[in-house]
Amino acid sequence: MPKFSTNKIVILTVQIEVIKGDITTLAAGAIVNAANTSLMGGGGVDGAIHHAGGQAILEACKKIAAKQGGCATGEAVITTAGKLPAKYVIHTVGPVWHGGGHDEAILLKNCYTNALKLAELHALKHIAFPNISTGIYRFPKGKAAEIAVDAVMNYKPGTIEKVTFVCFDEENYQLYLAKVASK
Ligand code: AR6
């Protein structure tokens, strides 16, 4: 009698969504913040998240900063989402664009993968990203969209079922729609 072994093939896929809007309004498991290394807040999406989420987010960031001196570029930390509809905020620090020869691409990729890993450590199913580094940090939007979409598509999901790219401006929105459609 031949012996058969049973092979179970599990296909893990992540649903990718591209929307245009304000990330602070999303009721995801986690929304990602494009923070700076101090974690003490700033402008852009960072300012919007702290403003809408309230003092509890800054207090949590202060505790992390006191413990580990902030957050390095490409790394990520997690806090309460305060008054926001999301459960958590994952703060990551994108690279400042200095022309492309300073590891900007790998650091930006690390932001996405480290945020995904942290979301999975908390067993989250849905995470929403802004277009990290494409504002004040001046990362070229087309390159950043390519890196972001590739990072998510190449990530082997565990608990994550859905990733939302939240674009604030029309240019990023069109770039992300095109990138996702081309994959
Ligand atoms: N929802 C979604 N996206 C937003 C929102 C929002 N409410 N507001 C802005 N964006 P930026 P960076 C978009 O500048 O380039 C801060 O001062 C914005 O249009 O927020 O990573 C930090 O403290 C752009 O596409 O982040 C750091 O010092 C994207 O979010 C520095 O800025 C990122 O733009 C980080 O710069």
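Modeller: What follows goes through the residues around the ligand, then the pocket.

The model is predicted. There are 22 residues around the ligand, and those that come nearest are N36, G43, V45, D46 and I136. Two of these can be described by their polar atoms. In N36 the atom in question belongs to the side chain: a polar atom there lies 2.7 Å from an oxygen atom of the ligand. In G43 it belongs to the backbone, where a polar atom is 2.7 Å from an oxygen atom of the ligand. G135 also takes part through its backbone, with a polar atom 2.9 Å from an oxygen atom of the ligand. As for cover, the ligand taken alone exposes 700 Å², and the protein buries 91% of that.

The shell around the ligand can also be sorted by class and by element. It has eight nonpolar, 11 polar and three charged residues. Helix α1 (44–53) and strand β2 (30–35) each supply at least two residues of this shell. The largest share comes from α1, with four residues.

Now the pocket. Rolling a probe the size of a water molecule over the atoms shows where empty space is left. The largest pocket holds about 530 Å³ of space, and this pocket is the space taken by the ligand. Its lining is made of 27 residues, and A34, G44, V45, D46 and G135 lie nearest the centre.

Strand β6 (162–167) supplies at least two residues of the lining, as do β2 and α1. Helix α1 gives the largest share of the lining, four residues, and the largest share of the shell around the ligand is from α1 as well.

Methods:
Residues numbered from 1 in each chain as written. Predicted model: local features only at pLDDT ≥ 70, side-chain atom pairs only at ≥ 80, totals over all residues. Heavy atoms only, no water. Near = heavy atom within 4 Å. Polar contact = N/O pair within 3.5 Å; in protein donor to acceptor, adjacent residues only side chain to side chain. Areas by Shrake-Rupley, 256 points an atom, 1.4 Å probe, with all protein chains shown as cover. 1 Å grid on protein atoms, 1.4 Å probe; cavity = no way out; pocket = protein on both sides within 12 Å on 5 of 7 lines; lining within 4 Å. Sits in = over half its atoms within 2 Å of the grid points. Nonpolar A, V, L, I, M, F, W, Y, C, P; charged D, E, K, R; others polar. Points joined across faces, edges and corners; volume = space filled by probe spheres on them.
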